[in-house]
Structure formats: structure tokens, C-alpha cells
Amino acid sequence: MNNIIKIIILAGAFVSFILGAGTATGQEILQFFVSFGYYGIGGIAIAAIIHMWFGAYTMDIGLRLKATDSKDVFVYFCGKYVGTFFYWFSQLFILVIFVVMISGAGATVSEHFGLGVVAGRALMAILVLITALLRLETMIKILGIAGPIIVVFAIVVGGGNFDAAGFSQAGALVQELNLSTATSHWWQSGFVYSSFVLLVAVPFLANLGKGETNRKAVILGGIVGGFIMLLGVFAIYIGILSNIDQVHAKDIPTLFLANQINPAIALVFSIILLIAIYTTAVGMLWIVSTQFAKGNTTRYRIITVVLTIVGFFGGLLPFAKIIDLVYPIVGYIGLILMACMLYRQFFNPGQIGKTNN
């Protein structure tokens with residue numbers, strides 16, 4: 001029973017960390033999978049397999065390597081020079097995701113509450129800044145349950161909007177609408193979607209695994225987390241595709257779908273979505289600020305304020321446009337990291353510590 005609870009906790013932490021504004025709002029899913037029509041199912045299947053693999057493998061390496069710095073994990077996977085590059089590149093991308101979170105907050109507040117996008121972004125930026133400066137880790141841990149809850153809502157909202165007639169006509173509609181696609185081919189989307197997630201997930205998952213002792217629980221936690229994540233993605237996919245004629249121009253497709261079921265559900269979902277964006281944004285800001293501050297409190301505060309300002313002004317860019325421009329590029333770069341990890345696991349595993357099975 002204890003192992004089952006541990007697996008659930010690890011899986012929930014995995015989902016909470018990587019389920020950000022892009023996925024929960026449906027915008028990533030729209031561009032990576034829905035834009036390819038029915039072929040998007042194949043892309044989601046590929047992404048599910050990769051998510052389960054890197055979730056289990058990275059946490060397992062974290063457990064066995066016991067690295068004190070995430071840089072050591074990247075170096076283990078890719079060697080000294082390439083690993084160091086990915087370490088710093090991941091820091092840069094984490095900052096980009098912070099900008100996406102601020103932008104996503106503005107879009108959510110605008111679409112559901114009718115306030116201006118600037119007001120939404122400013123409010124989120126202020127809350128994140130205060131939390132980061134006061135280091136309210138306990139509150140973030142409590143609110144971190146928003147990730148698994150969003151998966152449940154995604155299944156309800158996506159599944160509840162599935163319409164057989166609309167789904168059967170969606171293939172032709174997708175071609176007519178000429179939707180923006182993240183990649184050139186459906187099968188590429190599965191790899192690229194997973195690889196950009198991988199870049200920010202490696203430090204977190206390795207650290208998550210480092211604190212554990214039961215290797216089987218860690219591996220199963222990664223597998224279950226990856227599966228749950230993509231189950232939610234699939235539910236949103238079928239919901240959006242069934243209503244593609246109405247949601248293709250929406251910044252927050254999932255809010256529209258929630259409102260189709262019941263306005264009360266849309267209200268609750270929008271609040272949970274904002275909480276998920278908030279917790280992710282604080283986490284991203286902490287990671288970068290702590291890394292550059294190197295334990296200096298004054299430097300940490302200055303960096304945190306500066307990065308928040310950067311996040312606010314960067315977040316003024318359209319939410320959907322940021323995802324369309326940045327995520328695919330980062331995803332293709334992340335494929336190199338994925339290749340390094342595959343090589344390390346299957347061809348050159350090296351010698352690392354033994355642990356309990």
C-alpha cells in the first residue's frame with residue numbers, strides 16, 4: 001500500500017510540474033495534434049510513450065546518481081560540453097515558459113472574466129513575485145494538487161464535448177481552416193511535443209527521484225505520470241476536434257469547451273487553471289533566480305524582480321503566437337537531448353550507484 005501511495009504522489013508531482021498553461025488551455029494540443037486532424041491521435045500515442053519513458057528513466061537516474069546539481073544530470077546524459085550547453089539552454093527555456101505562463105494568465109482572465117489581458121498579466125506577475133520573494137514553498141506545495149485536478153477536468157471537459165457527428169466531419173474542416181501547425185508532419189509532433197517538455201522536466205524529475213529509495217516505485221511513478229498526462233491531452237484533443245469550427249480561433253479552447261457543458265464548470269476550471277499557471281510560474285521563476293543567485297539573498301531578490309519585469313513585458317505578446325514561435329524550435333533542439341538519453345540508457349549506461357529494488 002505504501003508503494004502505491006508513493007507511486008501516486010510521484011505521478012501527481014510529475015503531472016503538476018509539466019502541466020502548464022499551454023497544455024491546460026488546449027493551445028499546445030490545438031497546434032501540435034488537432035491541426036493534423038485524425039492523424040493527431042498517432043502523434044499523441046508517440047508522445048505518451050516518450051513521456052512515460054523519460055519520466056521513469058530520469059527519476060531512476062536521479063535516484064541512482066544522487067546529483068547535487070542538475071548540471072551533473074545533463075552532463076551524465078550528454079557529456080561535459082553538450083551537457084553543459086543543455087543545462088544553460090534549459091535555464092533559458094524555463095524563463096521563456098515563465099513568460100508563457102504570464103501571457104496565459106492574461107488570456108485566461110480576458111476570455112473568461114472579461115478583464116483586459118494586461119490586467120490579468122499584471123495581477124499574475126505581482127502574485128508570483130510576492131510568492132517568490134517571500135519563498136512561500138508550503139503554499140505552492142498545497143496548490144500543486146491543481147495539476148492532477150486539471151487532468152480530471154480535462155477528461156470531463158474534453159469527453160463531455162465529444163460529438164460523433166462533429167468528430168466525423170472534423171477531418172475536412174481542419175483542412176479548410178488551414179490551422180497553424182507546430183511541425184510539418186503529425187509524427188514529428190509527438191517527438192517535438194515531448195522533447196520541449198523534456199528540457200524543463202529533466203532537472204525536476206531527477207531531483208524528485210533523488211529523494212527516493214525504492215527504484216520500482218520511482219520507475220512506476222514516472223510511467224503512471226506520463227500516461228495520466230497524455231490521457232488528459234487525448235481527452236482535450238477529441239473535445240476540440242469535435243468542435244473545431246467554433247474553437248479554432250480561441251486562445252483558451254478548454255474554457256470554451258467547459259462553458260459548453262456548464263458556466264459553473266467553466267468558472268471552476270478557470271480558477272484551477274489560474275492556480276496551475278501560478279504554481280508553474282513561481283516554480284520556473286524560483287529555478288532560474290536560485291540558479292543565478294548562488295545562495296546570495298540580495299542577488300536573488302534583484303534577479304527575481306528583474307525576471308518578473310521581463311516576464312510581464314514578454315507576456316504582452318499574444319499567448320498563441322508565443323507557443324507557435326518558440327515551442328517547436330525548442331522542441332527540435334530537445335530532440336538532441338532525447339537522442340543522448342537513449343544512447344546513454346541502451347548503449348553506454350556507465351557506472352552509477354546501486355539501490356533497493
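These legends accompany close-up views of a predicted model.

**View 1. Confidence along the chain.** The mean pLDDT of the chain is 83, with 92% of its residues at 70 or more. Confidence is highest in helix H4 (residues 40-65), where the mean is 92. At the other end, helix H8 (residues 137-143) has the lowest confidence, with a mean of 59.

**View 2. A salt bridge between Glu 212 and Lys 6.** Side chains of opposite charge can pair when their charged atoms come close. The structure holds three salt bridges, and one of them joins Glu 212 to Lys 6, with 3.4 Å between the closest N and O atoms. Glu 212 sits in the loop between helix H11 (186-210) and helix H12 (215-242), while Lys 6 belongs to helix H1 (residues 2-18), so the pair ties together parts that are 206 residues apart in sequence.

**View 3. Helix H1 against helix H12.** Here we stay with H1 and look at its packing on H12. The two axes come within 7 Å and cross at roughly 45 degrees, which makes H1 oblique to H12. The crossing of H1 past H12 is right-handed. On the H1 side you will find Lys 6, Ile 7, Leu 10, Ala 11, Phe 14, Val 15 and Ile 18. Their partners in H12 include Gly 221, Gly 222, Gly 225 and Gly 226, along with Leu 220 and Met 229. The residues of this contact divide into 12 nonpolar, four polar and one charged.

**View 4. Helix H1 against helix H11.** H1 also packs on H11, at an angle of about 145 degrees and with the axes 10 Å apart. This crossing is right-handed. H1 contributes Leu 10, Ala 13, Phe 14, Phe 17 and Ile 18, and H11 answers with Val 197, Val 200, Ala 201, Phe 204, Leu 205 and Leu 208. By class, the contact has 11 nonpolar residues, no polar ones and no charged ones.

**View 5. Helix H15 against helix H16.** Our last stop is the packing of H15 (residues 263-293) on H16 (residues 297-314), with an angle of about 135 degrees and axes 9 Å apart. That angle makes H15 oblique to H16, and H15 passes H16 in a right-handed crossing. Among the H15 residues in contact are Leu 285, Trp 286, Val 288 and Phe 292. From H16, Arg 299, Tyr 300, Ile 303, Thr 304, Leu 307 and Thr 308 take part. Eight nonpolar, four polar and one charged residue make up the contact of H15 with H16.

Definitions and conventions: Residues numbered from 1 in each chain as written. Predicted model: local features only at pLDDT ≥ 70, side-chain atom pairs only at ≥ 80, totals over all residues. Heavy atoms only, no water. Axes fitted to C-alpha atoms, helices over the stretch in contact; angles between N-to-C directions. Helix = DSSP H or I, 4+ residues; strand = E, 2+ residues; numbered from the N terminus. Parallel < 35°, antiparallel > 145°, perpendicular 65-115°, else oblique. Left-handed = near helix turned anticlockwise from the far one by under 90°. Contact = heavy atoms within 4.5 Å. Nonpolar A, V, L, I, M, F, W, Y, C, P; charged D, E, K, R; others polar. pLDDT = per-residue confidence, 0-100. Salt bridge = Lys/Arg side-chain N within 4 Å of Asp/Glu carboxyl O.
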